[in-house]
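Open the model in your viewer and keep the sequence panel beside it. This tour goes from stop to stop, saying what to select and what is there.

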Amino acid sequence: MPKGAESLLEVLATHDVEVVFGLPGVHNLAIWEALEKHKGIRMIGVRHEQTAVYAADGYARATGKLGVAIVTTGPGAANTLGATGEAWASGSPVLVIATDIPSTLRQPGVYRGVLHETRDQKAMFGPVTKASFDVPSAQELGAYTGKAVEAAVQSPHGPVYLGVPTDFLSAESPHHTQKKAEQAHLVPDLTEAEKLVATAERPLIWAGGGAARSGAGSAVGALADKLNAPIVTTYGARGLTDSAHVVKGPVHAPPVGKLWDEADLVIAIGTDLDGMMTQNWLQPKPPKLLAINIDKAEANKNYPADVTVEGDAAAVTEALAAAVTAKKGVVDVEAVNAEVLALVESDSPEAAKLLRALEGETATIVADMCIPGYWIGGFHHVTKQRGLAYPVGWGTLGFGFPAAIGAAVAGPTIAVVGDGGFLFACGDLATLRQENLPLTIVLVDDGGYGMLRYDQQIANHAISGVDLTRPDFAKLAESFGIPAVTLDGFDGLREALDSAAGPAMIVINAGLKPPINTSPRWYRKNTT
């Protein structure tokens with residue numbers, strides 16, 4: 001009979017897990033030792049527990065597979081909460097496995113002072129997970145691991161916590177290799193949805209992260225072709241489809257927002273129409289709204305739909321595209337895209353240079369919550385599915401670099417970060433070098449927290465707390481054995497990217513004005 005740590009890895013392998021991210025601690029060393037024998041799963045050791053979950057999230061976003069983080073007890077588990085919250089807000093399938101103190105030393109509801117003890121470790125994860133489990137016995141370790149994996153990868157996706165008392169890892173635990181059957185996606189009755197579509201003259205398709213996670217790209221493209229309808233994608237759905245109907249800009253740009261205002265039917269696919277995309281719901285409710293979503297409550301919580309089709313976004317959209325009658329188009333998407341491009345060029349020539357340097361990029365781009373990241377999230381035209389990861393779910397500064405470590409496990413990746421956010425996890429330059437990942441860091445140094453500086457400026461407040469002392473970032477990277485170059489401005493960025501094999505760093509000394517998709521510049525205003 002295997003030990004508990006071996007049983008845990010056995011279940012992960014059964015569910016096709018090939019890589020995990022983690023940090024060793026006194027309570028989880030048995031897992032690391034088991035990994036030495038288990039050659040089917042690669043362990044990437046990081047330098048901070050938050051990085052472990054960010055990397056698992058980045059891997060999940062880039063691949064669509066389960067991301068797994070393994071951390072130790074108490075403070076190690078607590079260090080993951082910010083990153084777990086981002087995975088929760090963005091619907092990423094992530095499993096956080098944290099050890100707990102020995103079961104033999106635990107007294108429920110009593111803090112006894114055992115090393116790394118908390119009163120209730122699982123309770124810390126409740127607000128930021130889809131589900132959370134404590135393994136009750138060594139004999140049930142495999143079964144609970146399988147249950148946690150299935151919860152994370154079943155739609156709607158989300159992070160799951162699994163707590164394992166450390167003594168269970170060295171105790172005997174039976175084999176548990178049963179893999180749950182694939183989730184069935186039945187298409188409900190579409191009669192009412194078809195009626196809405198039939199009467200629409202100016203339909204608009206609004207596709208969100210749920211559409212991306214379900215793999216609905218081809219179905220959304222087929223529906224747009226049938227209806228000759230423009231497609232607006234949220235940050236989480238960038239690169240969903242290469243359809244000619246895709247609008248290459250955010251709804252925060254007036255030419256794109258106008259499409260919403262003039263539509264007589266919005267078909268919302270895999271989205272909850274959240275505040276960040278709707279300028280905190282200042283977009284007026286459309287005359288008719290058709291929602292396609294795996295979760296009816298999520299689909300209706302912000303804009304009540306006239307018709308809701310509850311089901312998998314890909315399956316339902318594919319069936320709807322086949323059922324509806326073709327329509328003539330009334331929107332010139334190319335003209336809208338030309339307006340958006342002209343807006344960018346006039347608003348910020350420097351940002352336009354950044355976007356041109358990334359045009360047609362085939363590497364996965366992971367953007368942080370920083371001004372260049374906001375420009376990319378809003379205006380970079382992503383050319384492949386899962387080609388952009390952006391932490392707008394929870395808005396976690398410091399996401400970019402560690403999440404890019406996870407994405408780079410799957411293939412070439414570019415992390416676009418600011419000087420402030422990069423310093424959150426700069427110690428994981430050691431991980432990048434140790435694992436020799438194909439990751440190029442594009443670090444835009446504007447002297448501190450540029451977005452907050454802008455907030456203070458437009459409010460006529462004193463500039464305080466936002467100008468930072470920074471290292472020489474190129475020398476910092478080189479001290480870890482990572483080649484680095486420095487540019488003044490964005491001229492030469494494309495050439496630098498073409499020359500960087502990764503791991504590599506490109507430092508750009510430049511400041512950018514925030515784009516119109518950041519809240520201080522939203523064009524819709526609350527006049528009440």
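**Stop 1**

Select Pro 156, found in the loop between helix 7 and strand 6. Helices here are DSSP runs of H or I with at least four residues, strands are runs of E with at least two, and both are numbered from the N terminus. This is a predicted model, in which local features need pLDDT of at least 70 and side-chain atom pairs count only at pLDDT 80 or more, while totals for chains, interfaces and linings use all residues. Residues are numbered from 1 along each chain as its sequence is written, and side-chain values use heavy atoms, with hydrogens and water left out.

A cis peptide bond joins Ser 155 and Pro 156, with omega at about -5 degrees. Most peptide bonds are trans.

Next, jump to Pro 503. Look for it in the loop between helix 23 (493-499) and strand 17 (504-509). Gly 502 and Pro 503 are joined by a cis peptide bond, with omega at about 5 degrees.

**Stop 1: positive phi angles**

Most residues other than glycine have a negative phi. Select Leu 273: its phi is positive, about 50 degrees, although it is not a glycine. Leu 273 sits in the loop between strand 9 (265-269) and helix 12 (275-278). Is Leu 273 buried or exposed? Leu 273 is buried, with a relative accessible area of 1%. Buried means under 20% relative accessible area, exposed means over 50%, and partly exposed lies in between (1.4 Å probe, protein chains only).

Move on to Asn 280, in the loop between helix 12 and strand 10 (289-293). Asn 280 is not a glycine, yet it has a positive phi of about 55 degrees. Asn 280 is partly exposed, at a relative accessible area of 45%.

**Stop 2: helix 1 and its cover**

Axes are lines fitted to C-alpha atoms, for helices over the stretch in contact, and angles run from 0 to 180 degrees between N-to-C directions. Angles under 35 degrees count as roughly parallel, over 145 as roughly antiparallel, 65 to 115 as roughly perpendicular, and the rest as oblique.

Show the side chains. From helix 1, Ala 5, Glu 6 and Leu 9 make the contact; from helix 2, Ala 30, Ile 31, Ala 34, Leu 35 and Lys 37 do. Contact means heavy atoms within 4.5 Å. By class, this contact has six nonpolar, no polar and two charged residues. Ala, Val, Leu, Ile, Met, Phe, Trp, Tyr, Cys and Pro count as nonpolar; Asp, Glu, Lys and Arg count as charged; the others, Gly among them, count as polar.

How many of the 11 residues of helix 1 are buried? Eight are, so helix 1 is largely enclosed by the rest of the structure. Among the buried residues are Gly 4, Ser 7 and Val 11. Their cover includes strand 1 (19-22), strand 3 (67-71) and helix 7 (141-153). Step past the helix to Asp 16, which follows helix 1 and has a positive phi, near 65 degrees.

**Stop 3: helices 15 and 16**

Select helix 15 (residues 333-347) and helix 16 (residues 349-358). The two axes come within 5 Å and cross at roughly 125 degrees. That makes helix 15 oblique to helix 16. Val 344, Glu 345, Ser 346 and Asp 347 of helix 15 meet Pro 349, Ala 352, Leu 355 and Arg 356 of helix 16. The contact has four nonpolar, one polar and three charged residues.

**Stop 4: two buried loop residues**

Select Thr 396, in the loop between strand 13 (388-389) and helix 18 (400-410). Thr 396 is buried, at 9% relative accessible area. Leaving aside neighbours within four places in sequence, its contacts include Gly 82, Glu 86 and Asp 368.

Then select Glu 117, in the loop between strand 4 and helix 6 (121-125). Glu 117 counts as buried, at 7% relative accessibility. A polar atom of its side chain lies 3.0 Å from the backbone nitrogen of Arg 112.

Finish at Ala 410 in helix 18. Ala 410 and Gly 109 are 301 residues apart in sequence and 43 Å apart in space, C-alpha to C-alpha.

Terms used:
A polar contact is a pair of N or O atoms within 3.5 Å; within protein, one must be able to donate a hydrogen and the other to accept it, and residues adjacent in sequence count only if both atoms are side-chain atoms.
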